[in-house]
Amino acid sequence: TLLLDEFPRWESRYASMMLKRDRRIDLLTTFTAAPAKGRMKTGSNSFPKTREELFAYHILVLGDVDPQRFSPEQLESIKAFVVERGGTVILMAGTRHMPKSYAGTLLSEIIPVRSVGAATPPTPPSSHAVHPLVMLNAATGEDLLHVGLSAKSSRKLWEGLPGMNWVHPGVRVSPAADELVQVRGDGPPVIVKSFAGLGKVL
């Protein structure tokens with residue numbers, strides 16, 4: 001698994017910590033805020049130099065990274081990682097770039113949400129806001145979301161979670177994607193899945 005984010009924000013630090021705890025996962029975490037001449041660093045501890053090296057991964061976690069950090073060839077490699085190699089890309093929304101800045105890029109075709117509304121960045125996380133979650137019917141067959149012994153118990157457990165202190169408000173689900181988890185009361189999507197070629201994007 002390769003995890004990329006612009007800065008070590010709370011979400012990427014937490015994801016990195018949890019993935020490192022799983023002995024089945026070999027994780028490389030890279031932060032891109034110090035690029036080489038504005039571009040993504042490449043090498044053994046950074047973004048893979050070649051498409052073949054990227055294809056050696058199974059999962060790519062892409063956080064709030066400025067798409068201008070990538071060269072066109074790197075963006076094409078990420079798309080091919082999903083479509084041709086059958087890899088999984090997990091996108092983590094952010095207040096700066098994900099998903100807004102990816103509109104019109106080579107990755108926009110495989111991203112399962114679209115930005116809507118004003119171009120201003122969403123409100124940053126607040127410890128005062130609570131967004132309770134609900135698991136939708138489309139998530140019934142998703143092993144990833146089954147935290148209980150049955151679909152019914154999983155749904156109940158999801159609804160019993162304390163909620164999130166921040167969600168990206170300015171997105172809508174793409175027509176070909178499945179919304180799996182949302183903010184209760186027909187709120188914004190929280191987890192969305194779509195297939196692209198041989199792979200999938202969350």
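This is a predicted model: local features need pLDDT of at least 70, side-chain atom pairs count only at pLDDT 80 or more; totals for chains, interfaces and linings use all residues.
**Figure 1. Salt bridges in the structure as a whole.** Side chains of opposite charge can pair when their charged atoms come close. A search of the whole structure finds seven salt bridges. The views below present some of these pairs, including Arg9 with Asp5, Arg69 with Glu6 and Arg24 with Asp22.

**Figure 2. Arg9 and Asp5 form a salt bridge.** The two side chains meet at 2.6 Å, N to O. Both Arg9 and Asp5 are buried. The pair also belongs to a network of salt bridges, in which Asp5, Arg9 and Glu11 are linked.

**Figure 3. Arg69 and Glu6 form a salt bridge.** The distance between these side chains is 2.7 Å, N to O. Arg69 lies in the loop between strand E3 (59–62) and helix H3 (72–83), and Glu6 lies in the loop between strand E1 (2–5) and helix H1 (10–21), so the pair ties together parts that are 63 residues apart in sequence. Arg69 counts as buried because its relative accessibility is 15%, which is under the 20% limit. Glu6, with a relative accessibility of 5%, likewise counts as buried.

**Figure 4. Arg24 and Asp22 form a salt bridge.** The side chains of Arg24 and Asp22 meet at 2.6 Å, N to O. Arg24 has a relative accessibility of 74% and therefore counts as exposed, since the exposed class begins over 50%.

Conventions. Residues are numbered from 1 along each chain as its sequence is written. Side-chain values use heavy atoms; hydrogens and water are left out. A salt bridge is a side-chain nitrogen of Lys or Arg within 4 Å of a carboxyl oxygen of Asp or Glu. Buried means under 20% relative accessible area, exposed over 50%, partly exposed in between (1.4 Å probe, protein chains only). Helices (H or I, at least four residues) and strands (E, at least two) are DSSP runs, numbered from the N terminus.
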